[in-house]
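Subject: Structure handover

Hello,

Please look it over before reading on.

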Amino acid sequence: MKKSSFLNSMFLVLGCLVGLMSCEHEIDFDYPKSETMVVFDGQISNEGVFVRISRTRPIGDNQKGQPINTAQVFIISDDGKEEQLYYDDEKGCYLSASGLVGVPGHSYQMKAVVDDRRFEATSTMQSPAGIDTVYFRWVKILQQRIYFYCVKGTDPYPEERTYYLCRLMRGEELFRWNPRSGRSAVNGYFEYDIPCSTEKEMDEGKDERGKIPLMEGDTISMELMTIDRPCWDYFQSLMVSEGMMSNPITNIKGGAVGIFMAASITRPDAIVFRKEDAVREQ
């Protein structure tokens with residue numbers, strides 16, 4: 001990948017730590033509304049389905065959003081199958097009793113009733129990306145080393161624009177997330193890089209937000225999700241809204257915020273970060 005791609009990557013979200021996409025990582029975002037709103041964090045994938053529902057908190061309230069455990073939640077596929085989800089108190093979200101998983105090429109509708117209010121959203125599951133290799137590399141800009149997590153693989157839609165969401169995990173905690181879109185670079189292959197930390201942040205032991213940066217010996221795993229355009233729009237707008245304190249785009253109808261998405265997830269093996277093993281980008 002050309003150095004210009006790394007320059008572009010610098011201006012993506014260094015330090016975003018928003019928990020989305022699993023029952024263990026709930027949405028933690030101050031929606032700039034004075035009234036309470038219903039928030040959805042839902043996903044169907046090749047690994048299963050969950051829907052988390054909560055209420056927003058006012059700006060200045062340090063408490064987490066209030067979970068809603070009394071809703072009626074349904075998943076309806078475009079082949080006519082329908083299932084009502086049950087609430088799991090331990091995980092704090094609605095789950096499938098049948099082990100429902102998503103199938104690429106199918107669309108899934110979520111319907112929910114919360115306090116007699118009706119909400120719904122639809123998302124189409126894409127085909128999964130293939131992953132050939134993952135590694136760390138660095139580039140020197142203004143006398144400062146920037147370290148990136150890099151992935152190379154095969155694009156499921158080489159003739160079209162493909163939409164991805166990448167989540168990097170450090171142990172059980174979300175470390176970085178990043179949406180990306182584009183056509184495959186060469187012959188159906190893509191290269192995707194996530195900015196992780198600067199060398200200065202590593203030396204100081206904290207990043208610009210005071211969080212622990214990528215450190216020597218960290219084990220990093222990745223979830224690469226192929227998603228549809230409306231879901232990608234949500235995550236793109238979420239990055240922008242964090243800085244501007246505005247609500248992100250949502251695919252939830254009925255006056256709620258958040259996301260319900262269908263995703264094909266690919267997981268490569270976890271890798272350990274060591275400075276001496278990182279590849280230098282010329």
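Of the 282 residues in the chain, 53% are buried. Please keep in mind that this is a predicted model. The secondary structure amounts to three helices and 18 strands. If contacts between residues at least 6 apart in sequence are taken, 67% of them join residues at least 24 apart.

β1 and β2 make a hairpin with two residues between them. Their pairing is antiparallel and runs over eight bridges, with F40 opposite I53 in β2. Seven of the eight residues of β2 are buried, so this strand is largely enclosed by the rest of the structure.

**The β5-β4-β8-β9 sheet**

Four strands form an open sheet with antiparallel pairing, in the order β5-β4-β8-β9. β5 (82–84) and β9 are at the edges with a single partner strand each, so one side of each has no neighbour in the sheet. On average, neighbouring strands of this sheet are turned by 15° against each other, direction ignored. β8 and β9 run antiparallel and are joined by eight bridges. Within β9, A121 is the residue opposite M110.

**Nonpolar cores**

Which residues have the most contacts inside the largest nonpolar core? They are F40, I53 and V73, in a core of 24 residues. At least two residues of this core come from each of β1 (38–45), β2 (48–55), β4 (72–77), β8 (107–114), β9 (117–124) and β16 (257–266). β8 gives the most, with four residues.

Beyond its neighbours within four places in sequence, V73 is in contact with V51, I53, E83, Q84, L85, Y94, M110, K111 and A112. Another core, of 23 residues, lies apart from the largest one and has Y164, C166, I194 and A278 among its members.

**The β14-β11-β10-β18 sheet**

Another open sheet has four strands in the order β14-β11-β10-β18, and its pairing is mixed. Its edge strands are β14 (189–198) and β18 (279–280), each of which pairs on one side only.

β10 and β11 pair in the antiparallel sense over 11 bridges, and I141 stands opposite Q144 in β11. The hairpin they form has two residues between the strands, and L142 takes a positive phi near 55° there.

On the β14 side, strand β11 (residues 144–154) runs antiparallel to β14 and is joined to it by nine bridges. Two of the bridge partners in β14 can be named: D193 for C150 and T198 for I146.

**Aromatic rings and charges**

There are 10 aromatic pairs in the structure. One of them, Y87 with Y94, is edge-to-face, at 4.9 Å centre to centre and 65° between the planes. Y94 is buried, with a relative accessible area of 1%, and is also among the contacts of V73.

F136 and Y149 form another edge-to-face pair, at 5.5 Å centre to centre with 85° between the planes. Since F136 lies in strand β10 (residues 130–141) and Y149 in strand β11, the pair ties together parts that are 13 residues apart in sequence. Are these two residues buried or exposed? Both F136 and Y149 are buried. Ring pairs also link F136 and Y149 with Y147 and F273 into a cluster.

Two arginines lie over ring faces. R145 is over the face of W138, 3.7 Å from the ring centre. R176 is over the face of F175, at 4.2 Å from the ring centre.

Regards

Key: Residues are numbered from 1 along each chain as its sequence is written. This is a predicted model: local features need pLDDT of at least 70, side-chain atom pairs count only at pLDDT 80 or more; totals for chains, interfaces and linings use all residues. Side-chain values use heavy atoms; hydrogens and water are left out. Two strands pair if DSSP finds at least two bridges between them. A nonpolar core is a set of buried Ala, Val, Leu, Ile, Met, Phe, Trp, Tyr and Cys residues joined through side-chain atoms within 4.5 Å. Buried means under 20% relative accessible area, exposed over 50%, partly exposed in between (1.4 Å probe, protein chains only). Contact means heavy atoms within 4.5 Å. Axes are lines fitted to C-alpha atoms, for helices over the stretch in contact, and angles run from 0 to 180 degrees between N-to-C directions. Rings of Phe, Tyr and Trp (its six-membered ring) pair if their centres lie within 6.5 Å; planes under 30 degrees apart count as stacked, over 60 as edge-to-face and the rest as tilted. A charge sits over a ring if NZ of Lys or CZ of Arg is within 6 Å of the ring centre and within 35 degrees of the ring normal.
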